[in-house]
Amino acid sequence: MTTGGHLLGGRVVYRQPATGFRSGIEPVLLAAAVPVRSGEHVLEAGTGAGAALLCLNARVRGVLCAGVESDDLMADLAAANARANGFSGIGIITDRIESAAFPGRFDHAIANPPYHPPRGSASPVAARETAKRGSDTLLATWIARLGGALRDRGSLTLIVPAGTISTCLAAMAQSRCPCTLLFPLWPKAGRPAKLVLLRGVRNARTPMRLMPGLALHNPDGSFTPAAQAILGDGAALVLDG
């Protein structure tokens, strides 16, 4: 069973499972952070129902996307969401990122990887368990596959929990996509960042920069104007601005 809804303030029609794994704001923020231009090719690992690729296509028309999703039902839902929005440039590969065959090289690669620790409590919903259960090995494998699919100077953008930064930085360097930007996402001003955006560039030689980041919520819990512009209006999130 699925439920209907919208993303980007109604600009994107979006259906997702009624129970189990459901999208949060992470894929919307991830899509907003990709420095993509019309005509470029984007690869996503763990596409789910397609939220990130849908938002990316709504912001930049003419983008050509390949989304890799191992769950058959979610892959079908992502393809249906692309059709419902008229985004013909989104193709879905039903496979695991570890074994998927990619159609050539990409200008950009993105992911919101599974990150729940291996010893954590298991979800009773199998689809949610698969989507969220991660490990250092899994993170490194995803990063290696995404980084290896990029053309020279292509970008790799990840949204990950702050606690996985060291694992991700090491894997990005090993995959020849060293991190050039670390962008914290603050729940509120003065609060520790739970999530970060990482930007790597294939064969980059520039040192990593720690950016000021973005505060998502006002003290009363509402979204800040900057966050609302991204989540509701489809604005880009410029990591190096």
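Trainee: Is asparagine 203 buried, partly exposed or exposed?

Mentor: Start with the cut-offs. Buried means under 20% relative accessible area, exposed means over 50%, and partly exposed is in between (1.4 Å probe, protein chains only). Asparagine 203 has 27% relative accessibility, so it counts as partly exposed. Residues are numbered from 1 along each chain as its sequence is written, and side-chain values use heavy atoms, leaving out hydrogens and water. This is a predicted model: local features need pLDDT of at least 70, side-chain atom pairs count only at pLDDT 80 or more, and totals for chains, interfaces and linings use all residues.

Trainee: Where does asparagine 203 lie?

Mentor: Strands (E, at least two residues) and helices (H or I, at least four) are DSSP runs, numbered from the N terminus. Asparagine 203 is in the loop between strand S9 (195–201) and strand S10 (209–210). Its phi is positive, about 65°, although it is not a glycine.

Trainee: What is the phi of leucine 8?

Mentor: Leucine 8 has a positive phi of about 55°, and it is not a glycine. Its loop runs between strand S1 (2–7) and strand S2 (12–17). Leucine 8 is buried, at 4% relative accessible area.

Trainee: Which residues touch the most other members of the largest nonpolar core?

Mentor: A nonpolar core is a set of buried Ala, Val, Leu, Ile, Met, Phe, Trp, Tyr and Cys residues joined through side-chain atoms within 4.5 Å. The largest one here has 45 residues; Leu7, Leu56, Phe183, Leu185, Leu197 and Leu237 touch the most other members. Helix H2 (51–59) is one of the elements that each supply at least two residues. H2 gives the largest share, 7 residues.
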